Amino acid sequence: MRQLSIFDAPASRDAKAAGMDRAAANAVDILSLARGVARSLATERPDGITADDVVELMVRLGYSAHALGNAAGSLFRGREWRWTGERRKSARVHAHANELKVWRLA
């Protein structure tokens with residue numbers, strides 16, 4: 001009997017990228033808006049920003065806290081962003097204090 005491998009790093013990375021692509025493609029407009037918000041915030045905060053920072057401002061602008069959905073994973077995708085190496089715990093209740101990467105503009 002052949003057992004399916006549950007540990008396959010390349011397949012895992014491919015599945016992650018494919019899922020991020022699908023989520024981003026399904027939320028093009030809101031993701032574009034959120035990326036603009038992120039760029040604006042990043043110019044004001046040299047210590048870096050997280051997805052929480054972007055969502056917080058979007059909520060103040062009248063958007064749902066869940067507007068980005070899974071597309072939030074693609075928020076800092078691209079060459080204009082650099083991970084600082086730092087992580088901060090999320091303050092959003094439903095995120096259960098998960099760690100978020102801190103990003104700066106390149």
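Author: A nonpolar core is a set of buried Ala, Val, Leu, Ile, Met, Phe, Trp, Tyr and Cys residues joined through side-chain atoms within 4.5 Å. Buried means under 20% relative accessible area, exposed over 50%, and partly exposed in between (1.4 Å probe, protein chains only). This model is predicted: local features need pLDDT of at least 70, side-chain atom pairs count only at pLDDT 80 or more, and totals for chains, interfaces and linings use all residues. Residues are numbered from 1 along each chain as its sequence is written, and side-chain values use heavy atoms, without hydrogens and water.

Reader: Which residues of the largest nonpolar core touch the most other members?

Author: In soluble globular proteins, nonpolar side chains tend to be buried together. Here the largest core has 20 residues. Ile49, Val54, Met58, Leu68, Leu75, Phe76 and Trp81 touch the most other members. Helices H2 (28–44) and H3 (51–60) each supply at least two core residues; helices are DSSP runs of H or I, at least four residues, numbered from the N terminus. H2 gives the largest share, 7 residues.

Reader: How do H2 and H3 pack?

Author: Two packed helices are described by the angle between their axes and the distance between the axes. For H2 and H3, the angle is about 110 degrees and the axes are 9 Å apart. The two helices are therefore roughly perpendicular (65 to 115 degrees). H2 makes the contact (heavy atoms within 4.5 Å) through Ile30, Leu33, Ala34, Val37, Ala38 and Leu41. H3 uses Asp53, Val54, Leu57 and Met58.

Key
Axes are lines fitted to C-alpha atoms, for helices over the stretch in contact, and angles run from 0 to 180 degrees between N-to-C directions. Angles under 35 degrees count as roughly parallel, over 145 as roughly antiparallel, 65 to 115 as roughly perpendicular and the rest as oblique.
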